[in-house]
Amino acid sequence: MPVTASVEIDAPPKDVWATLLAFDSYPEWNPLLRRVDGGAEVGRTIRAIVDQPGVPPLPLRARIVTVAPE
């Protein structure tokens, strides 16, 4: 079952895109995603660890099906 989401961000698309692709910096601004590995290329798999206080870390995998820069 595909999962989709959307949000409006008050920033230029190129800045948002750069932030979303900077997987190494996710822990700096997203307290739940302590680690994200992979690449934003169609067919690749991204792996992440969701880490919430009081809950065991949850490993996630997502396959990239579409990439639409900016």
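Guide: The residues nearest the centre of the largest pocket are Val3, Leu20, Tyr26, Ile46 and Ile64, and the whole lining has 31 residues. A pocket is, on a 1 Å grid over the protein atoms alone, an open set of points where a 1.4 Å probe fits, with protein on both sides within 12 Å along at least five of seven lines; lining residues have an atom within 4 Å of a point. This is a predicted model, in which local features need pLDDT of at least 70 and side-chain atom pairs pLDDT 80 or more, while totals for chains, interfaces and linings use all residues. Residues are numbered from 1 along each chain as its sequence is written, and side-chain values use heavy atoms, without hydrogens and water.

With 5 residues, α1 gives the most to this lining. By class, the lining has 24 nonpolar residues (Ala, Val, Leu, Ile, Met, Phe, Trp, Tyr, Cys and Pro), 3 charged (Asp, Glu, Lys and Arg) and 4 polar, the class of the others, Gly among them.

Tyr26, one of the residues nearest the centre, is buried at 10% relative accessible area, where buried means under 20% with a 1.4 Å probe and protein chains only. The rings of Tyr26 and Trp29 are tilted, with centres 4.8 Å apart and planes at 55 degrees; rings pair if their centres lie within 6.5 Å, and planes under 30 degrees apart count as stacked, over 60 as edge-to-face and the rest as tilted.

Conventions. Buried < 20%, exposed > 50% of the residue type's maximum accessible area, 1.4 Å probe, protein only. Phe/Tyr/Trp six-rings, centres within 6.5 Å; stacked < 30°, edge-to-face > 60°. Helix = DSSP H or I, 4+ residues; strand = E, 2+ residues; numbered from the N terminus.
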